Amino acid sequence: GGGRRVYVGNLSWDCKWQDLKDHMRSTGEVLHADVLHGPDGRSKGCGLVEYQSPDEAQRAIQELNDTELMGRMVFVREDREARG
């Protein structure tokens, strides 16, 4: 069984969590979207999105991988760091 969180990579440096959430909510109810930042406050170009159910997360991996967000092709995969 997969988790409810997915990892999204190759984000635009300008992508904010709101942009990420808007992009990802086509496949389900997004509970939380977060763009990861380095110690200097710059975007790392990746983020984490948590869905309400594992089914929605799986759908996101299938449907939103290799889709365009803010001019870049982003990839979506299961969050391997998932806890619990």
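**View 1. Asn10 in the loop between E1 and H1.** Asn10 is found in the loop between strand E1 (5-9) and helix H1 (17-24) of this predicted model, where helices (H or I, at least four residues) and strands (E, at least two) are DSSP runs, numbered from the N terminus. Phi of Asn10 is near 65°, a positive value in a residue other than glycine. Most residues other than glycine have a negative phi. Asn10 is partly exposed, with a relative accessible area of 30%; buried means under 20% relative accessible area, exposed over 50%, and partly exposed in between, for a 1.4 Å probe and protein chains only.

**View 2. Asp66 in the loop between H2 and E4.** Asp66 lies in the loop between H2 and strand E4 (67-69), and has a positive phi of about 60° although it is not a glycine. Asp66 is exposed, its relative accessible area being 52%.

**View 3. The largest nonpolar core.** This core, a set of buried Ala, Val, Leu, Ile, Met, Phe, Trp, Tyr and Cys residues joined through side-chain atoms within 4.5 Å, has 18 residues. Two or more residues each come from E1, H1, strand E2 (30-37), strand E3 (43-51), helix H2 (54-64) and strand E5 (72-78), and the largest share, 4 residues, comes from H2.

**View 4. The surroundings of Val8.** Val8 is among the residues with the most contacts inside the core. Leaving aside its neighbours within four places in sequence, Val8 is in contact (heavy atoms within 4.5 Å) with residues including Leu20, Met24, Val49 and Phe75.

**Notes.** Residues are numbered from 1 along each chain as its sequence is written, and side-chain values use heavy atoms, with hydrogens and water left out. In this predicted model, local features need pLDDT of at least 70 and side-chain atom pairs count only at pLDDT 80 or more, whereas totals for chains, interfaces and linings use all residues.
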